Amino acid sequence: METVLVIGLETVAGANIATCLSSRYRVVGLTSASPVSIQGCETHTYQEDDVETAEHWLSMVRPNWVVYCGVAANSAWTVDPEKFSTKDPVLAVRNWVNAAELHSSRFTHISSDAVFTGPWMFHEEDCQGLCESRQAEVLRAIEREVSLCDNSLIIRTNVFGWTPAAYGQGQIESLVQSLENGSFSEQDCYRHATPLLATDLAAIIEHAYQERLTGTFHVAGGERISPIEFVQRLAATFGLTVPVLPRATVLNERTTGFANGETSLHTRKIRRSLSISMPMLDDGLQRLFDQQHNGYLNRLNNAPARLYEQEIAA
């Protein structure tokens, strides 16, 4: 059985990728946040992204494949831009990718659609419609570090999915609760992206790993949508009251700032490389809904099914 080291279980992408892969691989997961338990995974915490830490874990785990979910793996719609300032994410990824290369491990970096901005739509991998914010510059600097490793894969995406209970409410949990309580907070209708369910991302990157893809690829949902439209579709899928679209006003100037513009991704390259299609949003949302009842959330939280259902009911 091959071994996968997933770094960044505190992210939606990292936690769900580890959960999905755990039935087919030996999965070791690392988090720099609160300890978390995922069914079928060996999970640990670490303190620093320094050279010694990276070398220690690569030497101990000896993975065939490393999946790195740092700050770039967070959905650009939800990540706090200040997270790019708390540590040096460029140095962190340099240490991990160098350690992986030293141990001949394949390396997949989950990156972000927020390297781009409008007015371009459906950005291709080499699109020059780049966001000029400081955070976007950091994202591109991280990608440059990863690209120096010949055996690496960079995946740009924008994920949504369930968050492990150990980390409190994530984006989806908060949205569902606000819709249930009728206290829905207004979302904007100007930003647009191509969001993808985290478990769908896991299946696609596993396929890419099996096909030994390297380089940069866009992996995203099959539909371009705004945050308010996403919430409307989420509400409809979950059988909740659908919020009314806010009245849009004409923008006299193009929106600027990190993840404030058009970040939708063109996925032709990955579709042709793997002979697959990208999931439609309603299909992803239905799978998200089903995960509450089909045992998936129990695996994500390593909880007995009966106990977890009682907590949901409460």
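Which helices and which strand each supply at least two residues of the lining of the largest pocket?

Modeller: Happy to! This is a predicted model, in which local features need pLDDT of at least 70, side-chain atom pairs count only at pLDDT 80 or more, and totals for chains, interfaces and linings use all residues. Residues are numbered from 1 along each chain as its sequence is written, and side-chain values use heavy atoms, with hydrogens and water left out.

At least two lining residues each come from helix H1 (12-21), helix H3 (83-86), H4 and strand E7 (159-160); helices (H or I, at least four residues) and strands (E, at least two) are DSSP runs, numbered from the N terminus. The lining of the largest pocket has 36 residues, and Glu10, Thr11, Val71, Asn74 and Lys83 lie nearest the centre. Here a pocket is an open set of points on a 1 Å grid over the protein atoms alone, where a 1.4 Å probe fits, with protein on both sides within 12 Å along at least five of seven lines; lining residues have an atom within 4 Å of a point. Its volume is about 780 Å³, meaning the space filled by probe spheres set on the points, which are joined across faces, edges and corners.

On to helix H4 (residues 89-102), where Asn95 is found. A polar atom of the Asn95 side chain lies 2.6 Å from the backbone oxygen of Asp49. Leaving aside residues up to four places away in sequence, Asn95 touches Asp49, Asp50, Val51 and Ala54, where contact means heavy atoms within 4.5 Å.

Terms used: A polar contact is a pair of N or O atoms within 3.5 Å; within protein, one must be able to donate a hydrogen and the other to accept it, and residues adjacent in sequence count only if both atoms are side-chain atoms.
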